[in-house]
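Please look over the sequence and the structure shown below before reading on. The report that follows takes up confidence, packing, aromatic rings and a few individual residues in turn.

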Amino acid sequence: MYVIVVYDVSVDRVNRVKKFLRMYLTWIQNSVFEGELTEADFERVRAGLKKLIEEAEDMVVIYRLQSERAMKREVIGTDKSFSGELL
Amino acid sequence: MKKRNYYILSDGHLKRHENTIYFENKDGKRPIPINTIYAIYSFGSLTVTSQSLSLLAKEGVSVHFFNRHGFYTGSFYPRETLISGDMTVKQVQHHLEDKERMYIAKAFVEGSVRNMEKVLSYYDIDFNTDEFLGMLYDAGNIPEVMGVEASARTEYYSHFDGILKHFKFERRTRMPPENEVNAMISFGNSLLYSTVLSEIYNTQLNPTISFLHEPAERRFSLALDIAEIFKPLLVDRTIFHLVNKRIINEDDFTGELNGVLLSDSGRRKFISAYNEKLNTTIKHRSLMRNVSYQRLIRLECYKLVKHFLGVTKYRPFVIWW
């Protein structure tokens, strides 16, 4: 599945969340990650986030899509993220 | 397939930061999420830190290195996590017993010959499969089996000029390849060896104990064995696609080392077509689900595992579509 993760987390935890998501997803812009995940990795990401945040204060939204093709993506401005296998 | 192969063609550094991998070059810093990496293929001059290697090893990611001419130099084969003494003993047993070794070696060649036939039949070209299989049946020792493989391949290659709408092939030359098609075959084969090696890493097989090739002959020789079966499907078809669709042309090659090699742009084109091939999926008949061509290599390893353990007899993969 393809996921988009958006978060608003208190400053003392924001870096930890970013660092965690970096291991699975592509950084798009501040507080936004996206990428392809397997079912198992999705559960890992969800459980990991749950542990990191303070549920009374922070909020994380995960948008789940069937696949990348199910999404129409449009960028306005400069895209600072990278993807692709050939470097 | 959620994990991907990454191909690094530019020069740069591979670093570890925030428990993930960063690739840095003159264009900037590019994070590669560690959990998306299946294997890394490096072609440029790459500086790797030991921290990044330890992270890659922890995640079981192998890194394959090629020199600036595109020739395979070696692999970073992380500490194995899937070890089974029992498996290794059985694998060695099959190697030592002549009858068992011949069976597997012949199966590899049979698979290779049948796949050559399949590739040619797409272009309505007849191939003397039965003759080669007969010779294979009569072969009494490993050099003879290798001989059948070689003559089948020579015959197979002789049809290339009829398929290719562009470029001349003539005959197989290597070290160095003398023309464009040979350059692509050499490059494709070394890519395939490392792809197979990555798959072997993910099984309990020992990559050094081979059956068709002599184990002492070269590096990870089991990868050479299994690659034979997949060369027609993964390498040769990629070449036909690139040449006949005119994706690759003279500008994508350079004359070097008294031969012809893929240039930077050529390598880029080849790799992206090759990677697309690996990710192509096909409905598997007995698994009843879609599998990628890359996955077929892994399934081939599993079949060997089952053969060694005496569960099911090994039959080589033959293109069924």
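The confidence of the predictor in each residue is expressed as pLDDT, on a scale from 0 to 100. Helices (H or I, at least four residues) and strands (E, at least two) are DSSP runs, and they are numbered from the N terminus. This is a predicted model, in which local features need pLDDT of at least 70 and side-chain atom pairs count only at pLDDT 80 or more, while totals for chains, interfaces and linings use all residues. Residues are numbered from 1 along each chain as its sequence is written, chains are lettered from A and ligands numbered from 1 in the order in which they are written, and side-chain values use heavy atoms, with hydrogens and water left out.

**Confidence**

For the model, the scores are ipTM 0.77 and pTM 0.85. Chain A has an average pLDDT of 86, with 100% of the residues scoring at least 70, and chain B has a mean of 86, with 99% of its residues reaching 70 or more. Within chain B, confidence is lowest in strand β9 (residues 253-256), where the mean is 79, and highest in helix α10 (residues 293-308), where it is 91. Within chain A, the lowest confidence belongs to strand β2 (residues 26-29), at a mean of 85, and the highest to strand β1 (residues 2-8), at 91.

A residue is called buried at under 20% relative accessible area, exposed at over 50%, and partly exposed in between, using a 1.4 Å probe and protein chains only. By this criterion 22 of the 22 residues of α7(B) are buried, so this helix is largely enclosed by the rest of the structure. The expected span of a helix is 1.5 Å times one less than its number of residues; for the 22 residues of α7 (residues 180-201) of chain B this gives 32 Å, which agrees with the 32 Å between its end C-alpha atoms.

In soluble globular proteins, nonpolar side chains tend to be buried together. A nonpolar core is a set of buried Ala, Val, Leu, Ile, Met, Phe, Trp, Tyr and Cys residues joined through side-chain atoms within 4.5 Å. The largest such core here has 88 residues, and B:Ile226 and B:Phe230 are those with the most contacts inside it. Helix α8 (residues 221-244) of chain B supplies the largest share of this core, 14 residues. A second, separate core has 32 residues, among them B:Tyr6, B:Ile8, B:Leu46 and B:Val61. Contact means heavy atoms within 4.5 Å, and B:Phe230, leaving aside its neighbours within four places in sequence, is in contact with B:Leu192, B:Val235, B:Leu296, B:Ile297, B:Glu300 and B:Phe317.

**Aromatic rings**

Rings of Phe, Tyr and Trp (its six-membered ring) pair if their centres lie within 6.5 Å, and planes under 30 degrees apart count as stacked, over 60 as edge-to-face and the rest as tilted. Over all chains, the structure holds 25 aromatic pairs.

| Pair | Centre to centre | Between planes | Type |
|---|---|---|---|
| B:Tyr7 and B:Tyr41 | 4.8 Å | 20° | stacked |
| B:Phe127 and B:Phe132 | 5.5 Å | 35° | tilted |

B:Tyr7 is buried at a relative accessible area of 0%, and B:Tyr41 is buried at 0%. B:Phe127 is buried at 9% and B:Phe132 at 4%. Ring pairs also link B:Phe127 and B:Phe132 into a cluster whose members include B:Tyr122, B:Tyr156 and B:Phe240.

A charge sits over a ring if NZ of Lys or CZ of Arg is within 6 Å of the ring centre and within 35 degrees of the ring normal. The charged end of B:Lys29 is placed in this way over the ring of B:Tyr22, 5.1 Å from its centre, and that of B:Lys313 over the ring of B:Tyr103, 4.4 Å from its centre.

**Individual residues**

In chain A, A:Thr26 belongs to strand β2 and counts as buried at 19% relative accessibility. Not counting residues up to four places away in sequence, A:Thr26 touches A:Val32, A:Phe33, A:Glu34, A:Phe82 and B:Pro33.

Most residues other than glycine have a negative phi. B:Asn19, in the loop between β2 (12-17) and β3 (20-25) of chain B, has a positive phi near 55° and is partly exposed at 31% relative accessible area. B:Glu170, in the loop between α6 (160-163) and α7 of chain B, has a positive phi of about 65° and is exposed at 59%.
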